[in-house]
Amino acid sequence: MDWISEIKKLRDDRNLSDAKAAAELGISKPFLSEVLNGKKELSAKLKLKILSLRTLDIDQDCLLAFLPSKV
């Protein structure tokens, strides 16, 4: 799962600015910018929040996306 794309879809679907999207996710705007630029990774809790706000079902592939990119 491409979390950056999911955040952008969430932001675009709700017509949110980066600041408002960050507020909905419970993170700072600078942290969101670093995530969107690929400099920071999301926690499992934040990934779950994104799925919840996007009203996506959690399937097997989605569960694998909760693992860090390097294990």
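A: A term is needed at the outset: a salt bridge is a side-chain nitrogen of Lys or Arg within 4 Å of a carboxyl oxygen of Asp or Glu. The model discussed here is a predicted one.

Q: How many salt bridges are there by this rule?
A: The count comes to seven salt bridges. One of them joins the side chains of R11 and D18, with an N to O distance of 2.8 Å.

Q: Which residue does R14 form a salt bridge with?
A: The partner of R14 is E24, and the closest N and O atoms are 2.9 Å apart. This pair links distant parts of the chain, with R14 in the loop between α1 and α2 and E24 in helix α2, 10 residues apart. R14 is partly exposed, with a relative accessible area of 35%, and E24 is partly exposed as well, at 29%.

Q: What else does E6 touch?
A: Not counting residues up to four places away in sequence, E6 touches M1, I50, R54 and L56. As for distances, the C-alpha atoms of E6 and L16 are separated by 13 Å, and these residues are 10 residues apart along the chain.

Q: Let us turn to the core. How many residues are in the largest nonpolar core?
A: The largest nonpolar core has 19 residues. Those with the most contacts inside it are W3, I7, L25, I27, L32, L42 and I50. The elements giving two or more residues to this core are α1 (3-13), α2 (18-25), α3 (29-36) and α4 (44-54).

Q: Which of these elements gives the most?
A: Helix α4 gives the most to this core, with four residues.

Q: Where does L32 lie, and what is it in contact with?
A: L32 lies in helix α3. At 1% relative accessibility, L32 counts as buried. Leaving aside neighbours within four places in sequence, L32 is in contact with I7, D18, A21, A22, L25 and I27.

Q: What about I27; which residues does I27 touch?
A: Not counting residues up to four places away in sequence, I27 touches A22, L32 and L46.

Q: How far apart are L32 and P68?
A: Their C-alpha atoms are 18 Å apart in space, and the two residues are 36 residues apart in sequence.

Q: A charge question again: which side chain of opposite charge is nearest to K47?
A: That side chain is E41, at 5.2 Å. K47 has no salt bridge, yet K47 is buried. Since a salt bridge needs the two atoms within 4 Å, the stated distance lies outside the limit.

Q: Where is K47 found, and what does K47 touch?
A: K47 is found in helix α4. Not counting residues up to four places away in sequence, K47 touches W3, L42, A65, F66 and L67. W3 and L42 are among the residues with the most contacts inside the largest nonpolar core.

Q: Now the surface. Which residues make a nonpolar patch there?
A: L48, I58 and L63 make a nonpolar surface patch of about 280 Å². L63 is placed in helix α5 (residues 60-64). At 51% relative accessibility, L63 counts as exposed, because the limit for that class is over 50%.

Q: Finally, what is the phi of N15?
A: Phi of N15 is near 55°, a positive value in a residue other than glycine. N15 is found in the loop between α1 and α2 and counts as exposed, at 71% relative accessibility.

Note on methods
Residues are numbered from 1 along each chain as its sequence is written. This is a predicted model: local features need pLDDT of at least 70, side-chain atom pairs count only at pLDDT 80 or more; totals for chains, interfaces and linings use all residues. Side-chain values use heavy atoms; hydrogens and water are left out. A nonpolar core is a set of buried Ala, Val, Leu, Ile, Met, Phe, Trp, Tyr and Cys residues joined through side-chain atoms within 4.5 Å. Buried means under 20% relative accessible area, exposed over 50%, partly exposed in between (1.4 Å probe, protein chains only). Contact means heavy atoms within 4.5 Å. Lys and Arg count as positive and Asp and Glu as negative; His and the chain ends are not counted. Patches are made of residues with over 30% relative accessible area and no salt bridge: like charges are joined within 9 Å, nonpolar side chains (Val, Leu, Ile, Met, Phe, Trp, Tyr) within 5 Å. Accessible areas come from the Shrake-Rupley method with a 1.4 Å probe; for residues, only the protein chains shown count as cover.
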